[in-house]
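The following note sets out points for a colleague who is examining this model.

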Amino acid sequence: MTKFTVNDRPIQYRMDPDTPLLWALRDASNLTGTKYGCGTGDCGACTVDIDGEAVRSCLVSIAAAEGRFVTTIEALSPDRSHPVQQAWAAENVPQCGFCQPGMIMAASVLLKKNPNPNDEDIDAAITNICRCGTYPRIREAVKRAGRIMRREESIAAAPPSGITPQDAARVVPALSTPDGE
């Protein structure tokens, strides 16, 4: 049994320890915001935050996540109030939207480390592939999110998603804690 924390909830998976984290999150925990793109770590659609690092979840086994803290797009902010999510909406970044969760997670990790990145910093930290080619808007959104985090700018909140991670956990047994809560 593999135990670690997902979205601030201690969990345990009764799965093969070699199972990619991506599939544990999507299939066992119903956290489908983390997308399957290529399965080889090239596209970044499956990026999550593991202990403060942007990690491609298709390349990490659940055994390798043992004892670690994993944050998915669902828990970045339940009401979409995270500065990156706000800037993404304000800059009209998404087109098809498929790559956006991974991009947003990579951007949030970057901004925790560097709240004032330049284009080179952004390009180095966010190597995710966007099929729609929204890279200029992505760069602007990351810079805007940095300004929001530095309290140099504010924008109106994007609408809430309609479900909280806690509500999702109530209907997904794999997200319940070992003591059943």
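**Notes on the predicted model**

1. The model is a predicted one, and the remarks below should be read accordingly.

2. H4 is mostly covered, with 12 of its 14 residues buried. The buried residues of H4 include Gln100, Pro101, Gly102, Met103 and Ile104. Further along the helix, Ala106, Ala107, Val109, Leu110 and Leu111 are among those that are buried.

3. As to its placement, H4 lies across strands E3, E4 and E5. The helix runs at about 35 degrees to E3.

4. Ser108 belongs to helix H4. Is Ser108 buried or exposed? Its relative accessible area is 2%, and because buried means under 20%, Ser108 counts as buried. When residues up to four places away in sequence are not counted, Ser108 touches Leu76, His82 and Val84. The C-alpha atoms of Ser108 and Asp49 are separated by 8.6 Å, although these two residues are 59 residues apart along the chain.

5. Asp49 also figures in the strand pairing, where Asp49 stands opposite Ala54 in E4. Strand E3 (residues 47–50) and E4 run antiparallel and are joined by 4 bridges.

6. The sheet as a whole is open and has 5 strands, in the order E2-E1-E5-E3-E4, with mixed pairing. Its edge strands are E2 and E4 (53–56), each of which pairs on one side only. On average, neighbouring strands of this sheet are turned by 40 degrees against each other, direction ignored. In general, strands of a sheet pair through backbone hydrogen bonds, in either the parallel or the antiparallel sense.

7. Both senses of pairing occur at strand E1. With strand E2 (residues 9–13), E1 pairs in the antiparallel sense over 5 bridges. With strand E5 (residues 69–71), E1 pairs in the parallel sense over 2 bridges, and the bridge partner of Val6 in E5 is Val70.

8. E1 and E2 together form a hairpin with 2 residues between them. Which residue in the turn has a positive phi? Asn7 does, at about 55 degrees.

9. Strand E1 is itself mostly covered, as 4 of its 5 residues are buried. Thr2 is located in this strand. Thr2 has 3% relative accessibility and therefore counts as buried. Not counting residues up to four places away in sequence, Thr2 touches Ile11, Gln12, Tyr13, Pro17, Ile62, Ala63 and Glu66.

10. Thr5 likewise has its place in E1 (residues 2–6). With a relative accessible area of 13%, Thr5 falls under the 20% limit and is therefore buried. What does Thr5 contact, leaving aside its neighbours within four places in sequence? The residues in contact with Thr5 are Pro10, Arg68, Phe69 and Val70. Of these, Pro10 is the bridge partner of Thr5 in E2.

Terms used
Residues numbered from 1 in each chain as written. Predicted model: local features only at pLDDT ≥ 70, side-chain atom pairs only at ≥ 80, totals over all residues. Heavy atoms only, no water. Buried < 20%, exposed > 50% of the residue type's maximum accessible area, 1.4 Å probe, protein only. Contact = heavy atoms within 4.5 Å. Pairing = 2+ DSSP bridges. Axes fitted to C-alpha atoms, helices over the stretch in contact; angles between N-to-C directions.
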